[in-house]
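Please keep the sequence and the three-dimensional view at hand while reading.

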Amino acid sequence: VNGFADCDSTGSQFLGLFAKQLSRKIEIGSLVPSNTALMSVMELRDYPEFNKQYKKYAELHHWQYKQNEWEEKEKKTYGINVGDYFSWINNEMALVITEPTDSTLRNDVFAVLGTSNPASSMARLDSLSDTIAHADKSQPFTDTFMQHDIRSVDIDNVLPEVLGETFGMLKKAYYTAIGNYIVFANSSGALQIFINQHEEGNTLD
């Protein structure tokens, strides 16, 4: 695909977040369902650098104070920095919306995050899930579908708070590992549909 990006000053500032990121081949098409209607992919070689630049971008637009307030609240509640549990993100980060099943899109939206070590990333997220459940005096959510473990980070809006408003449609954070990706959805049922599509080979590529 050949083309160019043209945008206003705000858009240019956002594109500037990727100035220090090396380009790479988009590989996520081999994972996402064939009925994907929209896919917004960010190619990242250095997530910590991207995260640092995103915080500067948020400060410029007066959003960072809200995230700081959220981080402080979670630290007081759980004694941890939630964002640290996502430091494993590598190569690709995407918002995926499949063809709508209803007007809410609740079960049609996914976050797909690349990782170089899926088992380690799952263990990190499982630790976060367990920490939250222990503090809330509840049992962490667990499920299994087609040999894929499904867990949940039981903090509302955790993905947009940690990763940015691109992922604002994800109010919940059910997750599983598929290949070299961690996939998040608003429900376990939505993840099961995603898993089934992948296992049957119904993907974009």
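Of the 205 residues in the chain, 44% are buried, where buried means under 20% relative accessible area, exposed means over 50%, and partly exposed lies in between (1.4 Å probe, protein chains only). The model is predicted: local features need pLDDT of at least 70 and side-chain atom pairs count only at pLDDT 80 or more, while totals for chains, interfaces and linings use all residues. Residues are numbered from 1 along each chain as its sequence is written, and side-chain values use heavy atoms, with hydrogens and water left out.

The chain contains six helices and seven strands. These are DSSP runs numbered from the N terminus, helices being H or I with at least four residues and strands being E with at least two. Along the sequence they follow the pattern α-β-α-α-β-β-α-β-β-α-β-β-α. Among contacts between residues at least 6 apart in sequence, 67% join residues at least 24 apart; contact here means heavy atoms within 4.5 Å.

The interior is considered next. In soluble globular proteins, nonpolar side chains tend to be buried together. A nonpolar core is defined as a set of buried Ala, Val, Leu, Ile, Met, Phe, Trp, Tyr and Cys residues joined through side-chain atoms within 4.5 Å. The largest such core has 38 residues, of which Phe86, Met93, Leu159 and Phe184 touch the most other members. At least two residues of this core come from each of β1 (36-44), α2, α3, β2 (89-98), β3 (109-115), α4 (118-135), α5 (158-163) and β7 (181-185). A second, separate core holds 16 residues, among them Val32, Ala94, Val183 and Ala185.

Leaving out residues up to four places away in sequence, Met93 touches Ser40, Val41, Met42, Leu44, Tyr47, Phe50, Val112, Leu113, Leu163 and Phe167. Tyr181 lies 88 residues from Met93 in sequence, yet the two are 9.2 Å apart in space, C-alpha to C-alpha. Tyr181 belongs to strand β7 and, with a relative accessible area of 9%, is buried. With residues up to four places away again not counted, the residues that Tyr181 touches are Glu27, Ile28, Leu31, Glu92, Val112, Leu113, Gly114, Thr115 and Thr176.

How do the helices lie against one another? Two packed helices are described by the angle between their axes and the distance between the axes. For helix α2 (residues 47-60) and helix α3 (residues 64-78), the axes come within 7 Å and cross at roughly 120°. Axes are lines fitted to C-alpha atoms, for helices over the stretch in contact, and angles run from 0 to 180 degrees between N-to-C directions. Lys55, Ala58 and Glu59 of α2 meet Gln64, Gln67 and Glu71 of α3. Within α2, the buried residues are Tyr47, Glu49, Phe50, Gln53, Tyr54, Tyr57 and Ala58. Helix α3 also contains Glu74, which counts as buried at 3% relative accessibility. Apart from neighbours within four places in sequence, Glu74 is in contact with Gly79, Ile80, Val82 and Ile155.

The expected span is 1.5 Å times one less than the number of residues. Pro118, Ser121, Met122, Leu125, Asp126, Leu128, Ser129, Ile132 and Ala133 are buried in α4. These residues cover an arc of only 160° around the axis, so they are on the same side of α4; the arc is that of the directions from the helix axis to the C-beta atoms. Ala119 and His134, on the other side of α4, are exposed. The cover over the buried residues of α4 includes α3, β3, β5 (148-152), β6 (174-178) and β7. After α4 comes Lys137, with a positive phi near 55°. Lys137 lies in the loop between α4 and β4 (142-145) and is exposed, with a relative accessible area of 78%.

Helix α6 (residues 188-199) has twelve residues and reaches 16 Å from its first C-alpha to its last, close to the 16 Å expected. Its buried residues are Ser188, Ala190, Leu191, Phe194, Ile195 and Gln197. The buried residues of α6 pack against β3, β4, β5, β6 and β7. Gly201, whose phi is positive and near 80°, follows α6.
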